[in-house]
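Trainee: I would like to learn how to read this structure, feature by feature. Please give me the general idea each time, and then the case at hand.

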Amino acid sequence: MTSTDLGADVAASSGAAMFIPGPATPYQGDIARYWDREARPVNLRLGDVDGLYHHHYGIGDVDHTALGDGDGCAYEKKLIAELHRLESAQAELLLDHLGPIERDDTLVDAGCGRGGSMVMAHQRFGCRVEGVTLSAKQADFANQRARELGIEDHVRARVCNMLGTPFETGRAAASWNNESSMYVDLEDLFAEHSRILTTGGRYVTITGCWNPRYGQPSKYVSQINAHFECNIHSRREYLRAMADHRLVPQAVIDLTPATLPYWELRATSSLVTGIEKAFINSYKDGSFQYLLIAADRV
Ligand SMILES: C[S@@+](CC[C@H](N)C(=O)[O-])C[C@H]1O[C@@H](n2cnc3c(N)ncnc32)[C@H](O)[C@@H]1O
Ligand SMILES: CC(C)=CCC/C(C)=C/COP(=O)(O)OP(=O)(O)O
Ligand SMILES: [Mg+2]
């Protein structure tokens, strides 16, 4: 599938008689193609552990007793399970910051990937979760998982630009970006979250951002940008753009020390992708930070 068929294919596969536009920009077309083609073992084999497929990284201490020692297949299987546990722990932390959510609430996952965080949110709160991604492959994957789990009436992914969603103004109880805000302009992004959130609603992001104290994006940050075709923003840009759009930070947590064990473990595995050193070096030299920001829509 090409990016130009993006909208038409989704309309056809869902049987919906509606026009879904293609990517808003050539860049979004590239990102749609990137995620349509993505099939890295580090993501699929981790997801296969329990059926929650993530495209984000992990936090927390490594459980060395669960890993045991040695090498070989048995060790590799335990290592995959451990990396996956840390990635799910990351999503749990994000959900912890959504605040009280009722069963009849609707949540919005902006840049939902294969839908792992959406499933976890529904399982925790029993509510509706609407996700958007540029990739038709990802949306189909997430919707297929929701059907397999029998939760398709509550969890839905669609192909849509997070900067211009079809969601009603002021209705979402909470919304988030889990490692998906580095693909968009932050002023445009927070304008849209602010529009869809109810007053008093909660916005949460977990993101990698460059540290203004370092001065400019380091060579490692540039490597990460090139690797993923993204555009990592600075911490200052996040806080400024939130302030511009009635999003008032309630918590800003530096997760850098909490994510390093994940990267150091991943760097020893057979599933390395080549980007591990850039993350480890930039977290260690202080040029890059892994941050959670939870903000109230006022
Ligand atoms: C690194 S993945 C994160 C996926 C998911 N949040 C997770 O934690 O597993 C980035 C996601 O952002 C999505 N994305 C990037 N730009 C987007 C845009 N303008 N509108 C909607 N989704 C976008 C991609 O399609 C992809 O699903
Ligand atoms: C923190 C930053 C800068 C994130 C960039 C966005 C991104 C690609 C996240 C992980 O996706 P993935 O799970 O598909 O990547 P990988 O294949 O490396 O596990
Ligand atoms: Mg991954």
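Trainee: Which residue is the bridge partner of Asn-178 in β5?

Mentor: Two strands pair if DSSP finds at least two bridges between them. Helices (H or I, at least four residues) and strands (E, at least two) are DSSP runs, numbered from the N terminus. Here the partner of Asn-178 is Ile-206 in β5. Strand β4 (residues 172–178) and β5 run parallel and are joined by six bridges. The model is predicted, with local features needing pLDDT of at least 70 and side-chain atom pairs pLDDT 80 or more, while totals for chains, interfaces and linings use all residues. Residues are numbered from 1 along each chain as its sequence is written, and chains are lettered from A and ligands numbered from 1 in the order in which they are written.

Trainee: Which residues have the most contacts inside the largest nonpolar core?

Mentor: In soluble globular proteins, nonpolar side chains tend to be buried together. A nonpolar core is a set of buried Ala, Val, Leu, Ile, Met, Phe, Trp, Tyr and Cys residues joined through C-beta atoms within 7 Å. The largest one here has 67 residues, and Leu-107, Met-118, Ala-172, Val-204 and Leu-292 have the most contacts inside it. Two residues are in contact if their C-beta atoms, placed from the backbone, lie within 7 Å. Setting aside neighbours within four places in sequence, Leu-107 has contacts that include Ile-101, Cys-127, Val-129 and Ala-172.

Trainee: Which residues come nearest to ligand 1?

Mentor: A residue is near a molecule if its C-beta atom, placed from the backbone, lies within 6 Å of it. Ligand 1 has 24 residues around it, of which Gly-111, Gly-113, Asn-178, Ser-180 and Tyr-183 come nearest. Asn-178 is also the residue that bridges to Ile-206. Helix α2 gives the largest share of this shell, three residues.

Trainee: How do the residues of that shell around ligand 1 divide by class?

Mentor: Ala, Val, Leu, Ile, Met, Phe, Trp, Tyr, Cys and Pro count as nonpolar, Asp, Glu, Lys and Arg as charged, and the others, Gly among them, as polar. The shell around ligand 1 has nine nonpolar, 14 polar and one charged. Around ligand 2 there are seven nonpolar, five polar and two charged residues. Of the 14 residues around ligand 2, those that come nearest are Arg-40, His-55, Glu-179, Gly-208 and Phe-228. Two or more residues of that shell come from each of α3 (41–47) and α9 (219–228).

Notes
Buried ≥ 20, exposed ≤ 12 C-beta atoms within 10 Å, placed from the backbone.
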